[in-house]
Amino acid sequence: MYAAETMTREEFRKARREQVLQEQRTHRKKVLLFFLTLIVMFGVGVGFGTLLAKAEEPETDSMYKYYTSIKVEPGDTLWDLAELYMDDKHYDTRMDYIYEVININHMMTDRLTAGKKLIIPYYSDEKK
């Protein structure tokens, strides 16, 4: 009777392997669940952080860039045109604006000729 209730060495090893494999599976499931929880928490945190950041951003007025053609009058300079048409929000310096006008019009110098037409950029909050 005692011999019938005992396991052979091979049966014992097989039962132990099954037990170890089951413990490994359980451990893997716990680790996977832990990492999935971290990922979900990170995703939720980033999502709420993005929403909060957007909520705190001040609403900016939309500005649209347009171009107009002007006729150069006697005595006009690029500095004068920059003073009339330049927007301080979109250009750091008056020279930045003047360089853009020169590039748009493919000018070789900064001298203007009366009667010629120039393309001038400007910004407006109205959509045309």
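A nonpolar core is a set of buried Ala, Val, Leu, Ile, Met, Phe, Trp, Tyr and Cys residues joined through side-chain atoms within 4.5 Å. Buried means under 20% relative accessible area, exposed means over 50%, and partly exposed lies in between (1.4 Å probe, protein chains only). The tour below makes use of both terms.

**Before starting**

The structure is a predicted model, in which local features need pLDDT of at least 70 and side-chain atom pairs count only at pLDDT 80 or more, while totals for chains, interfaces and linings use all residues. Residues are numbered from 1 along each chain as its sequence is written, and side-chain values use heavy atoms, with hydrogens and water left out.

**The whole chain**

Display the protein as a cartoon. Four helices and two strands make up its secondary structure; helices (H or I, at least four residues) and strands (E, at least two) are DSSP runs, numbered from the N terminus. Their order from the N terminus is α-α-β-α-α-β. Of the 128 residues in the protein, 16% are buried. A contact means heavy atoms within 4.5 Å. Among contacts between residues at least 6 apart in sequence, 67% join residues at least 24 apart.

**Helices α3 and α4**

Select residues 78-85, which form α3, and residues 94-104, which form α4; their axes come within 9 Å and cross at roughly 110°. Axes are lines fitted to C-alpha atoms, for helices over the stretch in contact, and angles run from 0 to 180 degrees between N-to-C directions. Angles under 35 degrees count as roughly parallel, over 145 as roughly antiparallel, 65 to 115 as roughly perpendicular and the rest as oblique. The two helices α3 and α4 are therefore roughly perpendicular to each other.

Now show side chains. On the α3 side, the residues that meet α4 are Leu78, Trp79, Leu81, Ala82, Glu83 and Tyr85, and their partners in α4 are Arg94, Met95, Tyr97, Ile98, Val101 and Ile102. By class, this contact of α3 with α4 has 10 nonpolar, no polar and two charged residues. Here Ala, Val, Leu, Ile, Met, Phe, Trp, Tyr, Cys and Pro count as nonpolar, Asp, Glu, Lys and Arg as charged, and the others, Gly among them, as polar.

**The core**

Select Leu78, Leu81, Tyr97, Leu118 and Ile120, which have the most contacts inside the largest nonpolar core, a set of 14 residues. At least two residues of this core come from each of α3, α4 and β2, and α4 gives the largest share, four residues. Leave Leu81 highlighted: not counting residues up to four places away in sequence, leucine 81 touches Ile70, Met86, Tyr97, Leu112, Leu118 and Ile120. In α4, the buried residues are Tyr97, Ile98, Glu100, Val101 and Ile102; they pack against β1 (64-71), α3 and β2.

**The loop between α4 and β2**

Proceed to histidine 106, which is found in the loop between α4 and β2. Its phi is near 50°, a positive value in a residue other than glycine. Most residues other than glycine have a negative phi. Histidine 106 counts as exposed, because its relative accessibility is 67%.

Arginine 111 is found in the loop between α4 and β2 as well, and is exposed, with a relative accessible area of 69%. Select threonine 77 too: arginine 111 and threonine 77 are 34 residues apart in sequence, yet 7.3 Å apart in space, C-alpha to C-alpha.

**Last stop: serine 124**

Select serine 124 in strand β2 (residues 117-124). Serine 124 counts as buried, because its relative accessibility is 13%. Not counting residues up to four places away in sequence, serine 124 touches Ser62, Met63, Tyr64 and Tyr66.
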